[in-house]
Amino acid sequence: MKRNFNYLILFVLLLLPVGVFAFSNPVVDPIISYFPLNTDNLKNADVLDGAKILSTKTEEYIIKKSDELEKEAGIKILVVTVSGLDDSNIEDFTNSFFNLWQISNNDENNNLLLMVLSLKEGKFNIKVGTGLTDVLTSSKIDEVKNKYISTYFKDDEWDNGIKNGYNAFYAEIVESRDLDIKYIKPVDANDNNSIETIILTIIFSLLIIVVAAICIYIEYFVKDKKKNKRKNINKTKKK
């Protein structure tokens, strides 16, 4: 009986690592399949461009500005892109990545911001830690998405959309925390479209005016000259 009990204990101990892995797998597996990083690399990451859609200039810009923000306020921002989510949905993937990143940073205040874009599905998600929820409320996040990101993504301008969205979040954090950091104000993509529409309207209107002016010139000046010429010819013949 004692021997059987020992076997049972041994069996449970052998199953324990499997059980731990099974419970941790939902958090780690979606991440490791995209980015085979150890926790040290993940801790120091500012940009993980798995979809390869960011320009080198944009990556360098994000890394530089994120380092300034971390040094000044201890706030980290991570931008993540993947080519596709496979069987995961964007919310589960974002939460998994956020949890793993949070653990790797050992940040109890949880004042982190994660921007995730999946290129294949054309979806993106924002995850904000509790340390920033007073600034980046759900309504503010929706505003940033609609004004500074979505329009770019609809036109497949991934690099511009991510950089502009990053600038929008960055500006909100710097202004709300009254930080001594220079930042670039984001461009309202909707205003841009309005300006482009106005410019096109003006150009189209000018073209119409030019065409109308040419038609008037032909009608009143060219034809009038021809009539006068004919009159002169007729007068000459009569003489």
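Helices here are DSSP runs of H or I at least four residues long, strands are runs of E at least two long, and both are numbered from the N terminus.

Before going on, a word on the model itself. This is a predicted model, in which local features need pLDDT of at least 70, side-chain atom pairs count only at pLDDT 80 or more, and totals for chains, interfaces and linings use all residues. Residues are numbered from 1 along each chain as its sequence is written, and side-chain values use heavy atoms, with hydrogens and water left out.

Let's start with the overall layout. The protein chain has seven helices and four strands. Read from the N terminus, its elements go α-α-β-α-β-α-β-β-α-α-α. Out of 239 residues in the protein chain, 35% count as buried, where buried means under 20% relative accessible area, exposed means over 50%, and partly exposed is in between, with a 1.4 Å probe and protein chains only.

Back to Lys-52 for a moment. Its relative accessibility is 70%, so Lys-52 counts as exposed. The phi of Lys-52 is positive, near 55°, in a residue other than glycine.

Now take a look at helix 6 (residues 158–177). Helix 6 has 20 residues and spans 28 Å from its first C-alpha to its last, close to the expected 28 Å; the expected span is 1.5 Å times one less than the number of residues.

What lies alongside helix 6? Two packed helices are described by the angle between their axes and the distance between the axes. Here the axes are lines fitted to C-alpha atoms, for helices over the stretch in contact, and angles run from 0 to 180 degrees between N-to-C directions. Angles under 35 degrees count as roughly parallel, over 145 as roughly antiparallel, 65 to 115 as roughly perpendicular, and the rest as oblique.

Take helix 3 (residues 56–73): its axis and that of helix 6 come within 11 Å and cross at roughly 10°. Helix 3 and helix 6 are therefore roughly parallel to each other. Helix 5 (residues 138–154) and helix 6 have axes that come within 8 Å and cross at roughly 160°, so helix 5 and helix 6 are roughly antiparallel to each other. As for handedness, a crossing is left-handed if the near helix is turned anticlockwise from the far one by less than a right angle, and right-handed if clockwise. The crossing of helix 3 and helix 6 is left-handed, while helix 5 passes helix 6 in a right-handed crossing.

Next come the rings. Rings of Phe, Tyr and Trp (its six-membered ring) pair if their centres lie within 6.5 Å; planes under 30 degrees apart count as stacked, over 60 as edge-to-face and the rest as tilted. How many aromatic pairs does the structure hold? There are five. One of them joins Phe-93 and Phe-97, with ring centres 5.8 Å apart and planes at 65°, so that pair is edge-to-face. Phe-93 and Phe-97 sit four residues apart in helix 4 (residues 90–105), about one helical turn. Phe-93 is buried at a relative accessible area of 0%, and Phe-97 is buried at 0% too.

Tyr-166 and Tyr-170 form a tilted pair, 5.6 Å centre to centre with 35° between the planes. Both lie in helix 6, four residues apart, about one turn of the helix. Tyr-166 is buried with a relative accessible area of 1%, and Tyr-170 is buried with 2%.

Lys-163 lies over the face of Tyr-61, 4.7 Å from the ring centre. Lys-145 lies over the face of Phe-124, at 5.5 Å from the ring centre.

Finally, follow the chain out of helix 6. Asp-178 comes after helix 6, in the loop between helix 6 and helix 7. Its phi is positive, about 55°, although Asp-178 is not a glycine. Asp-178 is exposed, with a relative accessible area of 70%. Lys-185 is found in the loop between helix 6 and helix 7 (189–238), and is exposed at 61% relative accessible area. Lys-185 and Ala-171 are 14 residues apart in sequence but 6.5 Å apart in space, C-alpha to C-alpha.

Conventions: A charge sits over a ring if NZ of Lys or CZ of Arg is within 6 Å of the ring centre and within 35 degrees of the ring normal.
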